[in-house]
Amino acid sequence: MQTLDTKLISNVEFLSELIRIALDVPVVTNNKKEKFLNIPAGVDIETSSFYQGMDKVAIMYEWTFGIGYLKDGEFKTMITYGRTWEQYMNFIDWISEILSLTNSKTRLVVYVHNLPYEWQFMRRHFSWTKVFFMDDRKPVYCIDAHNIEYRCSLKLSGKSLANTAKDLLKYQTEKMVGDLDYNLIRHPETPLTERELKYCEHDIAVILAYIQEKIEQEGDITKIPLTKTGYVRRYCKRAMFPQGKVLEDENTHAEINFEAVGVSRTERMFSRWLYPRQCSPSRDDSYESWFIRLYEQLSSVYGSFSVSDGHRKIHR
């Protein structure tokens, strides 16, 4: 296991280092022929809330951004920070320019731990080309005009940053706890101690280490699902339909297209399969156990499968 040696550097140092490695950053494509930089990146903001008259408001007073990369088989990180949205937007302009994100139509995936919360602060400062919501004001990912795609690492890990750090297998780092007093009201001009900045640095280090491990485990960044339940959906899809994408049932006239996640004239059981949150009998049931039980139920009800013309046909 490699212990990460991280440190905060200035925005200028970060961008200078990025220029040096830019040409060596690997590019991968997904099944839609979209290009992605195959490196981990993350951003985190610190906020402070207070009452303004009778209204409770919140402001961002610190942001931390990091990128990781492999050099001679060793995982390296670059982490920097700023205090205002103006600084962050200017910094992102330079990131996009150096990596030619817009010109080459290549996307940089930046992970945020709890994107729905941070989205409320970010959304007014950027132009967005695409946003995918799971619920009201709760995006799973969003793509800005710089061709940067923000994704939620909390949805992927299902755990706090502290517990995510404990689960790291190859790259060791830890989240600092209790070093940033959230009871204090801060603003962008509030001085931050070295220990408080170290807290911010370690938050990003955990995200970078976690995503780098996922890249290595999955093969590349395009194969990392958006959420933790994506692993279960992938398992069920491969187990039940290893040679086809579409299921057809001549008796019930049910058809499920897993790429579009669409259902047509399907039975109640399939609705329970595709929408476990609404149909799970208990809030305590995890998605994983629910999907596995559903797979077993489907197998017992529909019996054996045979392949015909690229489709899976069910025989009772």
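This is a predicted model: local features need pLDDT of at least 70, side-chain atom pairs count only at pLDDT 80 or more; totals for chains, interfaces and linings use all residues.
Is Arg 107 buried or exposed? Arg 107 is buried, with a relative accessible area of 13%, where buried means under 20%, exposed means over 50% and partly exposed covers what falls in between (1.4 Å probe, protein chains only).

Residues are numbered from 1 along each chain as its sequence is written, and side-chain values use heavy atoms, with hydrogens and water left out.

Let's start with the strands. Helices (H or I, at least four residues) and strands (E, at least two) are DSSP runs, numbered from the N terminus, and two strands pair if DSSP finds at least two bridges between them. Strand β5 (residues 41-52) runs antiparallel to strand β6 (residues 55-71), and 12 bridges join them. Along this pairing, Gly 42 stands opposite Gly 66 in β6. The hairpin of β5 and β6 has 2 residues between the strands, and Gly 53 takes a positive phi near 70° there. β6 also pairs with strand β7 (residues 74-82), in the antiparallel sense and over 9 bridges. Here Leu 70 stands opposite Phe 75 in β7. The hairpin of β6 and β7 again has 2 residues between the strands, with Asp 72 at a positive phi near 55°.

Now turn to helix α1 (residues 11-21), where Phe 14, Leu 15, Leu 18 and Ile 21 are buried. Seen down the axis of α1, these buried residues fall within an arc of 125°, so they line one face of the helix; the arc is that of the directions from the helix axis to the C-beta atoms. The face turned away from the buried side carries the exposed residues Val 12 and Ile 19. Among the elements covering the buried residues of α1 are β6, β7 and α2 (85-98).

A nonpolar core is a set of buried Ala, Val, Leu, Ile, Met, Phe, Trp, Tyr and Cys residues joined through side-chain atoms within 4.5 Å. The largest one has 38 residues, and those touching the most other members include Phe 14, Leu 18, Phe 65 and Tyr 88. The largest share of this core, 6 residues, comes from α2. Leaving aside neighbours within four places in sequence, Tyr 88 is in contact (heavy atoms within 4.5 Å) with Val 43, Trp 63, Phe 65, Phe 126 and Tyr 150. Apart from this core lies another, of 23 residues, among them Ile 204 and Ile 215.

Finally, the charged residues. The whole structure holds 11 salt bridges, each a side-chain nitrogen of Lys or Arg within 4 Å of a carboxyl oxygen of Asp or Glu. In one of them, the side chains of Glu 17 and Arg 20 meet at 2.5 Å, N to O. Glu 17 and Arg 20 are 3 residues apart in helix α1, so about one helical turn separates them.

And here is our arginine again: Arg 107 meets Glu 34 in a salt bridge of 3.5 Å, N to O. This pair links distant parts of the chain, 73 residues apart, with Arg 107 in strand β8 and Glu 34 in the loop between β3 (27-29) and β4 (35-37). Glu 34 counts as partly exposed, at 29% relative accessibility. Glu 34 and Arg 107 are also linked with Glu 149 and Arg 151 in a network of salt bridges.
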